[in-house]
Amino acid sequence: ANEQRTVVSQTNESATMFGRASKQEEIERAVRTAMLDKIAEIDALKLQIQLLKDTSNIADRTEEEKLAQEKKELQKQVDCMSFELEQAKANNDMLRKKLAAAKRAFATEGQGTPHPAAQMSPSQLELRLRDLTRDNDQLLARQKELVEEVSALHAQVQEKNVQIESGKQREECLLVKVSKIEKDMALLRNETAYHNNCAAEAANKEQEASAKVASLEQQLQEAQKESARLKNKTYELEGKVQDTLTQVKSTRSQSSIAADADLHARFPELPTNEILIEWFSCNSGIYPGYLYLTQGHICWQAVTGGKGTIIAIAAILSLSKVTTLFGKGAGISIKISHQGREEVHIFRALRQRGYIMNTIVSQAKSAGHIVAIEKDAQDTAAVADAAAAE
């Protein structure tokens, strides 16, 4: 029976290993799927990074070249206008000098050496002065226009510088994005390596589980063969035991048969195939009687007759020796389990206590039941029994 239970437990363990192997396969498939997804995600990120880098480089080069060209052209225009402005200033200064000279000439008319302008008539001088004034106004207007154009050019240059700074900021943002994507790629690589390690470990565990399952299957087959052999042997032993019992029954004396009949007459509740092993005189409480040992029961009946006590050996929890206060010989305390609670039966005045206890333990062991032997106990119940009798 123990070997059959071992076979059943090994079978359950084998089934558990099969379940673990299938679960391990599911885990491995999930890991592989996750790895493929991560690899596809890494490839997409690589392509996106490359496109961003190419687009950024092309856009940066094109924008920088364009801005540099525009800046050069604007610088040329600024230089030209600055030159024209300098010339206008020089012409203006020259006209001012001429005008001042003409004024001095008018102021010194008739004094000292005559100025060349003094040889002109007043109408000619007035025309000359009007022409100089008009030229001066034109130069001032041109100077104002040049200043405005230079201011506009400076504003355009400032705007181009702002655009360049914005381009640099966009480039820095792209670089930050690229750096972040590279970090994500590194994390994905680490995660992929971790999944690869997990897959390798899962594969190793799967191989170990497969080897263990194969070993368990082989052990199961061997255990099944051994179980079949043990069953056959059990059948043979049961047949031999039955034959032995038959022989014992056939060879038993008439007195034993009469004792069995008397036992079943006293205790009709016993099974019909119950055989008396031995009987002893003892007391239960203050009443003398007889203790009967059978294959599976302990029976007691008072000398005066009446209904006796039947204790199944399979219900016995423990035995203990009892030092009795009344009567000759020693006593036995039998603790049993009856209808979910514990009960104690004490039998006193036994002359063969050790033999009786060994017989009870041997009968229980042959039936597959273990009876514990506890420490000696004081028979305090005898005092209560004596008081009740009085």
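What is the relative accessible area of Arg266, and is Arg266 buried or partly exposed?

Reply: Arg266 is partly exposed, because its relative accessible area is 31%; here buried means under 20% relative accessible area, exposed means over 50%, and partly exposed lies in between, with a 1.4 Å probe and protein chains only. Please keep in mind that this is a predicted model, in which local features need pLDDT of at least 70 and side-chain atom pairs count only at pLDDT 80 or more, while totals for chains, interfaces and linings use all residues. Residues are numbered from 1 along each chain as its sequence is written, and side-chain values use heavy atoms, with hydrogens and water left out.

Arg266 has a partner, Asp262, with which it forms a salt bridge whose closest N and O atoms are 3.0 Å apart; the term stands for a side-chain nitrogen of Lys or Arg within 4 Å of a carboxyl oxygen of Asp or Glu. Both residues lie in helix α3 (residues 254–266), four residues apart, about one turn of the helix. Helices (H or I, at least four residues) and strands (E, at least two) are DSSP runs, numbered from the N terminus. Asp262 is likewise partly exposed, since its relative accessible area is 34%.

By the salt-bridge rule, the count comes to six, and another of them joins Asp131 to Arg134, again with the closest N and O atoms 3.0 Å apart. These two residues are three apart in helix α2, so about one helical turn separates Asp131 from Arg134. Asp131 counts as partly exposed at 28% relative accessibility, and Arg134 does so at 42%. A further salt bridge links Arg341 with Glu343, where the closest N and O atoms are 3.2 Å apart, and Arg341 is partly exposed at 47% relative accessibility.

Leaving out residues up to four places away in sequence, Lys160 touches Leu67, Glu70 and Leu74, where contact means heavy atoms within 4.5 Å.
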